[in-house]
Amino acid sequence: MASTGERDGTGGTDGAETAAAPAERKASWRLVGPGIVVAATGVGAGDLVATLVAGSRFGYTLLWAAVVGCLVKIALAEATGRWHLATGRTIFDGWRSLGAWTTAYFAVYVTVWGFVYGAAAMSSSALPLVALFPGALGLKTWAILCGLAGLAFVWFNRYAVVEKIMMVFVGVMFVVVLYVAVRVTPHLGDAVAGLLPVLPDGSLLYTLGLVGGVGGTITMAAYGYWVNAKGWTDSGWMRMMRLDNRVAYLTTGVFVVAMLIVGAELLHAAGTAIGSGDQGLLDLGRILEERFGAVTAKLFLIGFLAASFSSLVGVWHGVSLLFADFVERTRAARAQGTGGEPPVLEVARGQRERSWPFRGYLLWLTFPPMGLLWLDQPFGLVIAYGVLGAFFMPFLAGTLLWLLNSGRTPRQWRNGPLSNVMLAAAGLIFVVLCVQQVRELPW
């Protein structure tokens with residue numbers, strides 16, 4: 001954000017600052033990549049359905065909330081990337097510095113979340129394949145194949161290849177979603193009017209969902225690791241990171257706006273309802289086929305597949321990096337009382353991707369969750385997953401505020417007023433969403 005990284009006016013330094021600032025690298029569009037990876041990972045099929053439902057219920061009225069949500073994600077991802085580049089430490093290392101409670105929370109969270117998310121991601125990727133190839137294979141078989149494909153791809157490739165394939169997924173999603181939005185013939189006057197902040201009756205939670213929910217997952221914390229994996233390891237890359245981040249979340253904003261248009265024009269105008277969860281996208285595919293023909297419906301299902309499988313690949317890679325950092329930093333601290341070599345350098349060299357904790361978490365995401373495809377997610381596990389998941393984004397926003405306003409961050413790169421406002425607003429939004437999500441769990 002424009003105000004981040006301002007000096008406090010004293011010109012002083014503290015123990016967190018380095019002797020000489022790295023030379024600033026020129027920002028180039030050709031280097032954009034980590035932001036696209038985190039944005040594509042965060043926008044899954046469930047997010048697209050939530051946006052469709054908001055459009056179907058309230059038309060264009062909540063378009064402004066999608067724009068605000070884009071700005072919130074830019075602020076959160078920028079703060080995560082700035083921490084990595086300014087300090088030479090990973091976000092997990094920063095959390096550890098806040099106390100042992102953060103390590104305990106993360107350990108429980110990443111274990112339970114990964115187990116349940118693995119099954120959800122595989123099922124989400126399988127749904128469009130079942131629709132594209134009716135009668136070929138069952139949902140569970142497609143889901144297992146998707147999980148194995150994600151495992152093999154991340155296991156044998158490094159970040160550079162992951163980034164390239166994610167760029168392809170984003171390209172497919174972008175073209176398909178925009179194509180569908182154009183086909184439904186948006187009313188530009190209504191869309192412009194939707195940029196004015198208005199809260200219709202019963203729209204508060206949908207508004208907060210658009211602002212805080214779309215593109216907001218644990219993978220936002222992985223952004224700094226992908227920045228480092230790109231080879232950006234010091235504050236000289238700060239300008240490039242900010243360009244990368246803004247391009248990525250502006251692209252996400254386009255996705256969200258396009259899906260809101262589809263919901264407003266195709267569903268709201270006709271008074272048509274769709275199912276909840278990923279099933280809603282299959283319902284939309286059938287509606288598109290009835291109105292525009294089989295070709296448009298097939299294209300939409302391909303976009304659905306790109307959105308789902310990109311989330312799977314992104315989580316398999318990004319959260320495995322987080323877990324590897326967690327394991328190796330914890331082991332080093334116990335053995336030596338120190339973190340050893342800065343983890344940023346290990347990520348940049350690809351050492352994390354070759355480590356046994358990285359590959360062990362890949363296996364955890366893939367094989368144990370396959371059992372849930374038959375067990376339909378045990379009741380207690382669903383509750384634990386929901387509670388932990390709801391609390392993660394407030395945890396991220398709150399700890400970033402703490403870290404980036406303290407002596408742990410070099411004075412030059414601490415939060416400015418605008419960043420503090422944006423992160424505080426994000427934290428408040430996520431707390432409200434957290435309370436609502438916990439209330440809606442099947443206790």
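This is a predicted model: local features need pLDDT of at least 70, side-chain atom pairs count only at pLDDT 80 or more; totals for chains, interfaces and linings use all residues.
I searched the whole structure for disulfides and found 0.

Are C70 and C146 buried or exposed? C70 has a relative accessible area of 9%, and C146 comes out at 6%. Buried means under 20%, so C70 counts as buried, and so does C146.

Then I zoomed out to the protein chain. I got 19 helices and 0 strands. The chain has 443 residues, and 57% of them are buried. I also checked contacts with a separation of 6 or more: residues 24 or more positions apart account for 86% of those.

Last, I picked a pair of helices. How do α2 and α12 pack? Helix α2 covers residues 45-58 and helix α12 covers residues 279-292. Their axes sit 8 Å apart, at an angle of about 60 degrees. I wrote down "oblique" for α2 against α12, because the angle is about 60 degrees and the roughly perpendicular range only starts at 65. The crossing of α2 past α12 is left-handed.

Which residues make the contact? On α2 I noted A45, L48, V49 and L52; on α12 I noted G280, L281 and L284. Sorting these contact residues of α2 and α12 gave me 6 nonpolar, 1 polar and no charged.

Terms used: Residues are numbered from 1 along each chain as its sequence is written. Side-chain values use heavy atoms; hydrogens and water are left out. A disulfide is a pair of cysteine sulfur atoms within 2.5 Å. Buried means under 20% relative accessible area, exposed over 50%, partly exposed in between (1.4 Å probe, protein chains only). Axes are lines fitted to C-alpha atoms, for helices over the stretch in contact, and angles run from 0 to 180 degrees between N-to-C directions. Helices (H or I, at least four residues) and strands (E, at least two) are DSSP runs, numbered from the N terminus. Angles under 35 degrees count as roughly parallel, over 145 as roughly antiparallel, 65 to 115 as roughly perpendicular and the rest as oblique. A crossing is left-handed if the near helix is turned anticlockwise from the far one by less than a right angle, and right-handed if clockwise. Contact means heavy atoms within 4.5 Å. Ala, Val, Leu, Ile, Met, Phe, Trp, Tyr, Cys and Pro count as nonpolar, Asp, Glu, Lys and Arg as charged, and the others, Gly among them, as polar.
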